[in-house]
Number of protein chains: 4
Amino acid sequence: MFSLQTEIKILEKVKLKNPVLIEGLPGIGNVGRVAAGYLVSELKMKKFAELYSNHFLPLVILHDASVAQLLKCEFYYYRSKSRDIIILTGDTQSISPEGHYEICEKILEFSEKLGVKEIITLGGFAEGRQIDEPRVIGAVNDKSLIKKYEKYGIDFGKDHPVGTIVGASGLLLGLGRLRGIDGACLMGETYGLPVMTDPKAADRVIHVITKILGIKVDLSKLEKIIKEMEGKMKQTEKIHKRILEQIPKQSKGEDVRYIG
Amino acid sequence: MFSLQTEIKILEKVKLKNPVLIEGLPGIGNVGRVAAGYLVSELKMKKFAELYSNHFLPLVILHDASVAQLLKCEFYYYRSKSRDIIILTGDTQSISPEGHYEICEKILEFSEKLGVKEIITLGGFAEGRQIDEPRVIGAVNDKSLIKKYEKYGIDFGKDHPVGTIVGASGLLLGLGRLRGIDGACLMGETYGLPVMTDPKAADRVIHVITKILGIKVDLSKLEKIIKEMEGKMKQTEKIHKRILEQIPKQSKGEDVRYIG
Amino acid sequence: MFSLQTEIKILEKVKLKNPVLIEGLPGIGNVGRVAAGYLVSELKMKKFAELYSNHFLPLVILHDASVAQLLKCEFYYYRSKSRDIIILTGDTQSISPEGHYEICEKILEFSEKLGVKEIITLGGFAEGRQIDEPRVIGAVNDKSLIKKYEKYGIDFGKDHPVGTIVGASGLLLGLGRLRGIDGACLMGETYGLPVMTDPKAADRVIHVITKILGIKVDLSKLEKIIKEMEGKMKQTEKIHKRILEQIPKQSKGEDVRYIG
Amino acid sequence: MFSLQTEIKILEKVKLKNPVLIEGLPGIGNVGRVAAGYLVSELKMKKFAELYSNHFLPLVILHDASVAQLLKCEFYYYRSKSRDIIILTGDTQSISPEGHYEICEKILEFSEKLGVKEIITLGGFAEGRQIDEPRVIGAVNDKSLIKKYEKYGIDFGKDHPVGTIVGASGLLLGLGRLRGIDGACLMGETYGLPVMTDPKAADRVIHVITKILGIKVDLSKLEKIIKEMEGKMKQTEKIHKRILEQIPKQSKGEDVRYIG
């Protein structure tokens, strides 16, 4: 009955070579989104698809003060020597629990068609305290994958307090497993204020993801690019804040915390 | 499984000449609804369709104290020399986020069948302070459209604080774009008390929309017509208030505010 | 995908003669439910169908301390000389707005198949103050019907404060109109405490409905029957209270109030 | 449109002999879950199916600190001499009312295919006070079943304050009845703190269920096994707590209370 539920609009039909999907959507410390946005910008990636959903807030954002656009997620691609890269980033995540599942299923279905067999999701992990030397904490959707990723300086140890991963960064791993897609989540440790971008945590995550992808990006521009993204993020940060507020709060020191 | 989800009941089959759709549903300052209602009344427009939805509050309104009617939106038409006009107004908007998307999709699908290629949505913009000389702030769903509308005294500048447009006035633009329908939103500046009709902001919006449509209406009757509409609006103003209360509140001075 | 959404389970296939549907579900003052229950009991009506829905609270009620039963609505019939009577009563109403629409549509679809062309819904109207001589206030779903009912001592005047009718008692009228089914709502004036049964208001409503139906019932037993129903109602009164609490509260003296 | 709504993933195709389904999902005092988990562990039962749903919280749990898994329910089987046993346990229950109905329908549909004609659900009953000698209170979905179960020391009397059973333990009985499946619920009396496991109440429930099933388990290990389960439960106990918090609270001494 709906014409729009969750739909992916293809802007360019692409054939990709053994592509890996990197997800970085809004969340704690904007770590995932900033890291994904930095890669898109540095690698001059090309947008080839957009995802719309009636599980997003029912509003349009004004770009350049007067151009109204639906909330959306965006798929970019980059052709590299060894294998191609897809980046999924965007304005928002689902505002309903069911929507999270539906949107992630849609992303996975689309990814499968593109030949994706590996997904890496990026996020922040809220420590609830000042972090001087942020670690990148890792999770995988199959035990055997730890060996593959741990060489990149990712902490898979038991001495971290991560208990759950909420939203797309988590569900893409869990639902991906059901489809036989390998998945890892990289979480940069951050204070955990929802709408305050943490460049240091993002820097650490970018550092690790580029090593995994075998690409080089100029991290010196990160602060500058964060500045450029800020305008756009400012518009939606209140939206993310609201969404994050829907997730039950966890007090400091507990073993279950939100990861963007 | 449902017989009613969102349904449009056709009262009269009409063939329209290059019709433009004007939307004015309840919202901040009742600006959109009053402006739309004024046009319906002044142009003696004829109702030709009604929209019902299970995303409206589950109640009936009593008209004339004892005649129960479902909440609904209404489509009116007017045949003009150059092009025909459709007005969409009504009792309410969706009470759920998903419903907003669904109802707007239904409206767009119906509009497309009627040959609509341009939509103008009317609303108020809550400044959170007394406005002596209300501007009409504009948004479009394609940058190229600014040129077309800015000659009518609409403010497309960057010196206004509008960041998002919530509800039908926004989604019809965003979703319309996906269907290739041009769209503009006219927002009359108002204080922003949800259920207090602001005739001055409505007057400014009517002023602009009639110039765009190339029609003349007698604005001197606005106060009188607002008075006549008041009875009907009083019945539903509590409903709108409740709906507006569901939209997260924005404090004064912020760059994201609700627009009806 | 669901096997249960809203389903009607037929217990006995019946052919009815020009049947009228009387609805009395839980609500303010339990007026509708008590009135309907009294008719079922006094006329020794026979149950022929049950309605289940996943829009009811997800629980079972224990009857006789240990027999678990789903929440449900029930259809009873009575064969009378002139025309047959169907009574719809039950444990609960929908807990979601969409569910109200869905359930009422299901009831109407079922009623149409049974040949129902007239519906009378029973409820209480919360005056928010002690009522010594409760009126029966009426609403219809077509202006022309007032003449038919006003002879029965129903107040269709403009001197009452009813503005909306929430829930099944209202939606059956509004949605029924779309199917060409005539409908009236009888509302007994009551204080308006949700879970306190008001026998006086129920008595007034029974008085009017039996006159309309042309049947005689012994109202002297009302107090006794209310006592008998009390046990069953006590179990579910907390449920109704919770449902009623979901409906936005209206303060005294306002022109929009809840009607069960 | 969804690929995932509520889905059962078969791990092993099994043919079972007149199987009885025992349900023990998270709830008050963790009574049902602990009792079910104990049987799974003691009888060395084999998992043969998993249930996933978008009505669960949108997150993954990290097992062994870094292996992400969707929330799920699990089906185990045990071949016994007289009849086979299926145990349904898991991480969570639905977070939405509609989801409870949907998931229970899915479980029943699956159970029917396996030949299940009897279901026993396990839970705790929150007395709201310290219980020294916890009873096992029973409910059935057909009066005639009381005789069958009461010999096992289950209290079916009227001197207990249970009025409703919320969630899967209740709905499997109510919805099962519609499919002609016999059902009983065993509730161990407990204080009723949602996330504090009550081994004494679980012990009583295990005692009764093993008598019904005609099997012997070594209850001396219960404390040890609870200890082993604790790690896993700790991770999800906050989730359950949140879900339980959604169920309207009942004060002490009332006749309607939550049962897990």
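A residue is buried if 20 or more other C-beta atoms lie within 10 Å of its own, exposed if 12 or fewer, and partly exposed in between, with C-beta atoms placed from the backbone. This is a predicted model: local features need pLDDT of at least 70, side-chain atom pairs count only at pLDDT 80 or more, and totals for chains, interfaces and linings use all residues. Residues are numbered from 1 along each chain as its sequence is written, while chains are lettered from A and ligands numbered from 1 in the order in which they are written.

**View 1. Chain A in outline.**
Chain A holds 6 helices and 11 strands. Helices (H or I, at least four residues) and strands (E, at least two) are DSSP runs, numbered from the N terminus. Of the 260 residues in chain A, 55% are buried. Take the contacts in chain A between residues at least 6 apart in sequence: 78% of them join residues at least 24 apart. Here two residues are in contact if their C-beta atoms, placed from the backbone, lie within 7 Å.

**View 2. Where chain A touches chain B.**
Chain A puts 23 residues into this contact, and chain B puts in 33 residues. On the chain A side, strand 4 (59–63), strand 5 (67–70) and helix 6 (222–246) each supply at least two residues. By class, that side has 14 nonpolar, 6 polar and 3 charged residues. Ala, Val, Leu, Ile, Met, Phe, Trp, Tyr, Cys and Pro count as nonpolar; Asp, Glu, Lys and Arg count as charged; the others, Gly among them, count as polar. Strand 4 of chain A pairs with strand 10 (residues 164–166) of chain B in the antiparallel sense, over 3 bridges. Two strands pair if DSSP finds at least two bridges between them. Look for A:Ile61: its bridge partner in strand 10 of chain B is B:Thr164.

**View 3. Where chain C touches chain B.**
This contact takes 32 residues from chain C and 22 residues from chain B. Helix 2 (97–114), strand 9 (136–140), strand 10 (164–166) and helix 4 (168–178) of chain C each give two or more residues to the chain C side. Helix 2 of chain C gives the most, with 7 residues. The chain C side divides into 15 nonpolar, 11 polar and 6 charged residues. Strand 4 of chain B and strand 10 of chain C form an antiparallel pair over 3 bridges. In that pair, B:Ile61 has C:Thr164 as its bridge partner.

**View 4. B:Phe56 in its loop.**
B:Phe56 sits in the loop between strand 3 (46–53) and strand 4 (59–63) of chain B. B:Phe56 counts as buried because it has 27 C-beta neighbours inside 10 Å. Leaving aside neighbours within four places in sequence, B:Phe56 is in contact with B:Leu71, B:Thr92, B:Ser94 and B:Ile95. B:Gln5 is 51 residues from B:Phe56 in sequence, and their C-alpha atoms are 10.0 Å apart in space.

**View 5. Strand 2 of chain C and its two partners.**
C:Val20 and C:Ile22 point one way from strand 2 (residues 20–23) of chain C, C:Leu21 and C:Glu23 point the other way, and all are buried. Strand 2 pairs in the parallel sense with strand 7 (residues 85–90) of chain C, over 4 bridges. There, the bridge partner of C:Val20 is C:Ile85. Strand 2 also runs parallel to strand 8 (residues 118–126) of chain C, joined by 4 bridges. C:Glu23 stands opposite C:Thr121 in strand 8.

**View 6. Helix 5 of chain B.**
At 1.5 Å a residue, the 15 residues of helix 5 (residues 199–213) of chain B should span 21 Å, and the 20 Å between its end C-alpha atoms agrees. The expected span is 1.5 Å times one less than the number of residues. Among the buried residues of this helix are B:Ala201, B:Val205 and B:Ile209. Just after the helix, B:Gly214 takes a positive phi of about 70°.

**View 7. Strand 3 of chain D between two pairings.**
Strand 1 (residues 6–10) and strand 3 (residues 46–53) of chain D run antiparallel, joined by 5 bridges. D:Ile8 has D:Leu51 as its bridge partner in strand 3. Strand 3 is also joined by 5 bridges to strand 6 (residues 73–78) of chain D, and these run antiparallel. In strand 6, the bridge partner of D:Leu51 is D:Cys73.
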